Amino acid sequence: MGLFDRFKKKQVSAPAENASPKAPQSEWPQPPAADTMCLLLMDRLLDSIEPAVALLRSTFGENAVGGVDDSHPRVPAVTVTVDGLEFWVSYLPMPVPPDSADIPTAARYSFLLSDEEKQAFISHKSFWMLAQKGGGKTLAEKRRVCWAFSRLISALMGLDGAVGINPINRGGLLVSKRHCLQQRELMEGKSWDNADGFFPVPLWVWVYGTTGDGGKPTIQTTGLKDFGLPELGFFDPQREVKELLDLLYSMSCLQITGKQLYRNMALVPLDEKTEVVCKQDGETLFFIGA
């Protein structure tokens, strides 16, 4: 088993066309995925990881970063402690293997990347693999892990050549350096259990468009299941994509922070004039009537 395989789990790189899940209905919340992993892509090959080690030590403290482990050929690694959680950080001097993540297809489906950012992801030259093992066994613990992980990611965005991230979940989420740093600004001064109910959802949940039953358009999430939560979506919506994105990010945040758990057949007000109904389809709750 190779180094990458130790932490790799099956990933769907792009949404299936005419998706119509027919899996048995599930009850939520469920146990989250205890392991949390992410790829951080670079537009260049690095001569050494020492600049990254120095950056991490200056951000999290001298004692937060272990010594460089050179035991695996060409794959240097370090451990980093962030908010009391240990992360494994390894650099691989090659593009992400296609059987691990289909970066070009994921870029094609991204609503949030500019054309320049899409090309930067597609033409990346190397990547970091970041992993936290076993810390996210409950929703609260998963939220804490991903909050600390977000801090780690934003620190590494300070490296020259950082392109963005690809969380290893059930989707093909790509987040540019620009958006990573925007989320870091929103996190500033807050803790993982902040009273504001804020969580950096765009770093962990993919929102994409596809088609559902009868060829009707849908816009839906992938990534909430890793938190033990139902995926959310809008079926045949009439509203603008930007508004739907904002709604799905807000609704996802409410679920992740434990403020709201949506249920099959529940009526949900979107605003003073619009109420939608939840309809469960497999492991996704679709909101109908928007």
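## Contacts around His179

Two residues are in contact when heavy atoms of one lie within 4.5 Å of heavy atoms of the other. In this model, which is predicted, His179 is in contact with Leu112 and Leu203, once its neighbours within four places in sequence are left aside. His179 lies in helix H5, and because its relative accessibility is 15%, under the cut-off of 20%, it counts as buried.

## Helix H6 and what covers it

Helix H6 runs through residues 241–256, which makes 16 residues, and from its first C-alpha to its last it reaches 22 Å, close to the 22 Å expected at 1.5 Å a residue. Just after H6 comes Gly258, which takes a positive phi of about 75°.

The buried residues of H6 are Leu244, Leu245, Leu247, Leu248, Tyr249, Met251, Ser252, Cys253, Gln255 and Ile256. What covers these buried residues includes helix H4 (139–156), together with strands E7 (206–211), E8 (217–222), E9 (231–235), E10 (267–269) and E12 (284–288).

## Aromatic rings

The structure holds nine aromatic pairs. In one of them, the rings of Phe87 and Phe149 have their centres 5.0 Å apart, and because their planes stand at 70° the pair is edge-to-face. This pair links distant parts of the chain, since Phe87 belongs to strand E3 (residues 85–92) and Phe149 to helix H4, 62 residues apart. Both Phe87 and Phe149 are buried, and together with Trp204 they form one aromatic cluster.

Another pair joins Phe199 and Phe227, whose ring centres are 5.8 Å apart and whose planes stand at 85°, so this pair is edge-to-face. It too links distant parts of the chain, with Phe199 in the loop between helix H5 (177–187) and E7, and Phe227 in the loop between E8 and E9, 28 residues apart. Phe199 counts as buried because its relative accessibility is 2%, and Phe227 counts as buried because its relative accessibility is 2%.

In soluble globular proteins, nonpolar side chains tend to be buried together. The largest nonpolar core here has 69 residues, and those that touch the most other members are Val80, Trp128, Leu152, Ile153, Phe199, Phe234 and Phe287. Helix H4 gives the largest share of this core, nine residues.

Which residues does Phe287 contact, leaving aside its neighbours within four places in sequence? They are Leu232, Gly233, Phe234, Phe235, Met251, Tyr262, Val268, Val276, Val277 and Cys278.

## Cysteines without disulfides

How many disulfides does the structure hold? The count comes to zero, on the rule that the two sulfur atoms must lie within 2.5 Å. The sulfur of Cys253 has its closest cysteine sulfur in Cys146, and because the distance is 13 Å, the two are too far apart for a bond. The sulfur of Cys278 has its closest cysteine sulfur in Cys253, at 17 Å, which is likewise too far for a bond.

Are Cys253 and Cys278 buried or exposed? Cys253 is buried, with a relative accessible area of 13%, and Cys278 counts as buried because its relative accessibility is 0%.

Notes: Residues are numbered from 1 along each chain as its sequence is written. This is a predicted model: local features need pLDDT of at least 70, side-chain atom pairs count only at pLDDT 80 or more; totals for chains, interfaces and linings use all residues. Side-chain values use heavy atoms; hydrogens and water are left out. Helices (H or I, at least four residues) and strands (E, at least two) are DSSP runs, numbered from the N terminus. The expected span of a helix is 1.5 Å times one less than its number of residues. Buried means under 20% relative accessible area, exposed over 50%, partly exposed in between (1.4 Å probe, protein chains only). Rings of Phe, Tyr and Trp (its six-membered ring) pair if their centres lie within 6.5 Å; planes under 30 degrees apart count as stacked, over 60 as edge-to-face and the rest as tilted. A nonpolar core is a set of buried Ala, Val, Leu, Ile, Met, Phe, Trp, Tyr and Cys residues joined through side-chain atoms within 4.5 Å.
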